[in-house]
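User: Hi! I am new to reading protein models, and I would like to learn how to go through one step by step. Could you guide me?

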Amino acid sequence: MSSPALIANSDSLREAFGKALSALGDEFPKLVVLDADIAGGTGVHHFRKSHPDRMIQFGIAEQNMMAAAGGMAAVGLIPVVTTFAVFCLRAIEQARLSLCYARRNAKIVASHPGLDVGPDGGSAQALEDLAAFRAIPGMTVISPADPTEMALATRAMLEYDGPVYMRTGRSPCARLFGDNHTFEIGKGRIIREGDDVTVVACGAEVARALAAAEMLAEDGISARVVNMATIKPIDSSLLSRCAVETGALVTAEDHNIHGGLGGAVAEALAATTPCPIEFVGVKDTFGASGEPEELAHHFGISATFIADAARRAIRRKRK
Amino acid sequence: MNQQLRTAPLDLAASDSLVEKLAEAARFIRCHSVASIFHAGSGHPGGALSSADLFACLYGAEMNVWPGAIHEPTRDRFVLSKGHAAPALYATGAHFGFCDAKAALSLRKLNSPFQGHPHVLDLPWVETSTGSLGQGMSVAVGMAIGLRLQKIPARVYTMLGDGELQEGEVWEAAMSAAHHKLDNLCAVIDYNKLQSDNCNDAIMRLEPLADKWRAFGWSVAEIDGHNIREILDHLRLAGATREKPSVLIAHTVKGKGVPYMENIPAWHGSVKLTPAQTGEALTALGASAEEIKGLMHV
């Protein structure tokens, strides 16, 4: 498989999500969208325009919105809760009890995750959401990598019967995948072949992982890149295959190094196919204001850091 | 229009036989709740006893739901937002045929569907899972919006505790229900004035409570939560209220019917009842010797 071409200046993931949701509105008549006064920020202003009667305003009150989604699902609707990732954390106990414990067919779509938030700063940059939502029984956790995948994941999320937490993203996002791209919940995809090491990434880090693979290639290192768009349930069989075939892994995520993609990958491999793993993520600290690429460099999650981690992982392989 | 309804003399239309039937249901709910908490070795008797008359009126007369209709889209929904009153909900279900009375005495035991707080996957007729205060109210709001959106004429009822009103989520939900003009929603507050550690006033003052709800845009009625005719009448008036959600602030007595528990905060919390305490409570509640035997020796 050849490396996908990077196409600049495409939509942000939040805009791609909002457009996809709007396009799917007629096909899913039970779909309703819940907003806490930030439809312009989450992308669902597109749905508000196309389907105003199915856009429910909750005001700046996320806890009520989250649990009310449980009530809407209980009477047969497919509610999609939309807010920023940090405010999903604010209402996580409502997601736990009223969505997951009651096993509701309700969706949470979180914009503004991670350092990708940029200038709003540390208070707004959710670096804990993947870990927190992954820990809730029954919750599916998705983080698509580009606008094409976001549209596919939005459909898959609506077709799936059960609670889902999906990350979008604030900042403009490179288009990585073409029209032949496919998405399936629970499946990772090898998007660049390689033999020496595997970089497993999700969301905004997938583009950086591909850039890191290019850097490594210049040094004669063949890095495989896996787009792990579903963090839970994690694709254990693909991970085991990569561990066997490349002997070392790097995880890369715009999230705390604790409990997110890296945690999920380590748990899966420790049980089946242990191998050296290096973790690229924010090192158990809060973010700060700045542009996303500046922040990625400052906090050590840019392509350079992924490439360095890959070299470390390769050095740790058993001779 | 709403104010006129509220000030008009109540039409005490409920027949004597209905009131009698509901009083008997409430008595059963109290006895069964005490017995199940006795068998469990833990549980919250105070709030179960204070809410029994409200449960009897909701399930025995007001709500359009019965055991054969628990999956009917058009049924009325009840959400127990004060999930710790689960023993009273289970006793109510037992009395009206939603579940088996003897099975419901397995409260809080491993592998029992009658968990310490209601869980919809164990018991579909409890409608949703509760136990974290404030959330049931929001779920009820979501149900009311969802039913109206689908043009289903069902009503949604939710019961809240008074201490529960200290949760901010309740007021988020209250604001949203009024904003969305959810006249298919009726909240009932079991206002027994006591919470886990002490009386409401000592923990976190709630008054002026009716004014708060009015200010949030609700149609408000303060009622005697142990007067069956009054409960029935106000539930019916709530059903006739348009453009606003309704709240019944039901003044109740915590531990109602068991003299040694009445108005004593210690009986709110999760307590272990001795056989002697249980026997005394059941006797005070009017259970016959045979009934006491049946409830205590299973």
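This is a predicted model: local features need pLDDT of at least 70, side-chain atom pairs count only at pLDDT 80 or more; totals for chains, interfaces and linings use all residues.

User: How many of the residues of helix α4 (residues 86-95) of chain B are buried?

Analyst: To read burial, count neighbours: a residue is buried if 20 or more other C-beta atoms lie within 10 Å of its own. In helix α4 of chain B, 10 of the 10 residues are buried, so the helix is largely enclosed by the rest of the structure. Among them are Leu89(B), Tyr90(B) and His95(B).

User: What covers the buried residues of α4(B)?

Analyst: The cover includes α2 (16-40), α3 (45-62) and β1 of chain B.

User: Which residues lie on each side of strand β1 of chain B, and are they buried or exposed?

Analyst: Start with the general idea: in a regular strand the side chains alternate between the two faces of the sheet. Now the case here: β1(B) spans residues 77-80, with Arg77(B) and Val79(B) on one side and Phe78(B) and Leu80(B) on the other. These four are all buried, and both faces of the strand are covered.

User: In which sense do β1(B) and strand β2 of chain B pair, and over how many bridges?

Analyst: The two strands pair in the parallel sense, over 4 bridges, and β2(B) covers residues 156-161. To see one pairing, find Phe78(B): its bridge partner in β2(B) is Tyr157(B).

User: Now for the two chains. How many residues does the contact take from chain A and from chain B?

Analyst: Each chain can be read as one side of the contact. Here chain A gives 24 residues and chain B gives 24 residues. On the chain A side, the elements that give two or more residues are α4 (62-74) and α6 (92-101). The largest share, 9 residues, comes from α4(A). By class, this side of chain A has 14 nonpolar, 8 polar and 2 charged residues.

User: Which domains does the assignment give for chain A?

Analyst: The domain assignment gives domain 1 (13-167) and domain 2 (189-314). Their centres, taken over C-alpha atoms, are separated by 25 Å. You can read their contact side by side too: 24 residues come from domain 1 of chain A and 30 residues from domain 2 of chain A. On the domain 1 side, α7 (129-134), β5 (140-142) and α8 (147-159) of chain A each supply at least two residues. That side has 12 nonpolar, 7 polar and 5 charged residues.

Terms used: Residues are numbered from 1 along each chain as its sequence is written. Chains are lettered from A and ligands numbered from 1 in the order in which they are written. A residue is buried if 20 or more other C-beta atoms lie within 10 Å of its own, exposed if 12 or fewer, and partly exposed in between; C-beta atoms are placed from the backbone. Two strands pair if DSSP finds at least two bridges between them. Two residues are in contact if their C-beta atoms, placed from the backbone, lie within 7 Å. Ala, Val, Leu, Ile, Met, Phe, Trp, Tyr, Cys and Pro count as nonpolar, Asp, Glu, Lys and Arg as charged, and the others, Gly among them, as polar. Domain bounds come from an automatic or database domain assignment.
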